Amino acid sequence: MSKKLYTWLISSMAVLLVFFANSGVGPNSVFALYEPDIPESLKK
Amino acid sequence: MIKRLSLRLARALGRQLPASEGEIEVYAYGLEIFLGTAVKLLLIVVISLFLGIFWPSLLVVLAFAGFRIPGGGVHLSTYSRCLFIGLTFILALAVLAASLPADTGVLKSMLLLVALLAVCTIIVWVPAGTDKKRVTDPGDIRRQKIKTGLFFLLWFAACSLFIHRGQSTYALALISGAAGGLFLVTPWGYRFFSSLDKMLNGKEVSA
């Protein structure tokens, strides 16, 4: 059970990070004054 | 620092899943955006609570981000500069809003002036890109102008409501936050922050 929960947590975190990454690639600007380098895999 | 930390955390996450090198890069990029924004917002909350200007700061951030996110604008080259200059910029606007006495007439004039700047900025410069990211698709450009325009209407209504209710500090916070956010979208904002960046680059090289 705990293994399943751990896997779910890790996968959810990854999904959330992909969501943040996509928000940075879209036409909207990042709120902060610094803009990280967009990874090559997201530029395609 | 945020870049390195994000990459280390992303690698650790990648080992658990497991994930490819490309996926780890995407996680690191997402983490960099999340951590960078979270650290900055947390510091704004803590410092503004300490200074007793939490609500004006929150309104400055809302107005600033509301124009900045769909409108784009200038970015600095390093996170530490962004953190220090961004914090100073936001908190200075909040301190001004909290300490300047402004009567209704002055507030109405300021609101009209910033509204005029907002309309010009939306028509001419939104969405303002950077070397790293430029919006070129006509459909995207139109969508970003509409999003910024809708936020402009919401911002104008909120400012008018605060002025009508005599809450000058809140109205001034929204007006100054918008002026700050819009300034970054204009060519003057680009010129100012690019010069600042170049000046700091020069100091880092000579140090």
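Start with Ser6(B). Is Ser6(B) buried or exposed? Ser6(B) counts as buried, because its relative accessibility is 0%. Buried means under 20% relative accessible area, exposed means over 50%, and partly exposed is in between, with a 1.4 Å probe and protein chains only. Ser6(B) sits in helix H1 of chain B, residues 2–16. Helices here are DSSP runs of H or I with at least four residues, strands are E runs of at least two, and numbering goes from the N terminus. Which residues does Ser6(B) contact, leaving aside neighbours within four places in sequence? They are Ala28(B), Leu31(B), Glu32(B) and Leu35(B). Contact means heavy atoms within 4.5 Å.

A word on the source. This is a predicted model, where local features need pLDDT of at least 70, side-chain atom pairs count only at pLDDT 80 or more, and totals for chains, interfaces and linings use all residues. Residues are numbered from 1 along each chain as its sequence is written, chains are lettered from A and ligands numbered from 1 in the order in which they are written, and side-chain values use heavy atoms, with hydrogens and water left out.

Now chain B as a whole. Chain B has eight helices and zero strands. Its C-alpha atoms fill a box of roughly 60 × 45 × 40 Å along the principal axes. Of the 207 residues in chain B, 44% are buried. Take the contacts in chain B with a separation of 6 or more: 76% of them join residues 24 or more positions apart.

Two loops carry cis peptide bonds. One joins Leu17(B) and Pro18(B), with omega about -10°. Pro18(B) lies in the loop between H1 and helix H2 (21–51) of chain B. Another joins Val126(B) and Pro127(B), with omega about -5°. Pro127(B) is in the loop between helix H5 (104–124) and helix H6 (138–164) of chain B.

Next, domains. Chain B divides into domain 1 (1–51) and domain 2 (53–206). Those bounds come from an automatic or database domain assignment. The centres of the two domains of chain B, taken over C-alpha atoms, are 25 Å apart. Their contact takes 13 residues from domain 1 of chain B and 11 residues from domain 2 of chain B. The area buried between these domains is about 1000 Å², with 83% of it from carbon and sulfur atoms. Buried area is the accessible area (1.4 Å probe) that two parts lose on being put together, summed over both. On the domain 1 side of chain B, Lys40(B), Ile44(B) and Ser48(B) supply 47% of the area buried against domain 2, more than any other three residues. The rule for a salt bridge is a side-chain nitrogen of Lys or Arg within 4 Å of a carboxyl oxygen of Asp or Glu.

On to the core. The largest nonpolar core has 56 residues. A nonpolar core is a set of buried Ala, Val, Leu, Ile, Met, Phe, Trp, Tyr and Cys residues joined through side-chain atoms within 4.5 Å. Among the members that touch the most others are Phe67(B), Trp155(B) and Phe193(B). Helix H4 (residues 79–99) of chain B gives the most to this core, with 10 residues. Why does this core lie between domain 1 and domain 2 of chain B? Because both domains give residues to it. Look at Trp155(B). Beyond four places in sequence, its contacts include Ala63(B), Phe67(B), Leu111(B) and Ile175(B). A second, separate core of six residues includes Ala21(A), Leu42(A), Val26(B) and Tyr29(B).

That brings us to the chain interface. The contact takes 42 residues from chain B and 28 residues from chain A. About 3400 Å² is buried between the two chains, and carbon and sulfur atoms give 68% of that. Tyr29(B), Lys132(B) and Lys133(B) supply 22% of the area that chain B buries against chain A, more than any other three residues. Across this interface of chain B and chain A, the rule finds zero salt bridges.

Last, cysteines. How many disulfides does a search of the whole structure find? Zero, over all chains. A disulfide is a pair of cysteine sulfur atoms within 2.5 Å. The sulfur of Cys120(B) is 17 Å from the closest cysteine sulfur, in Cys159(B), so the two are too far apart for a bond. Cys120(B) is partly exposed, with a relative accessible area of 40%. Cys159(B) is buried, at 0%.
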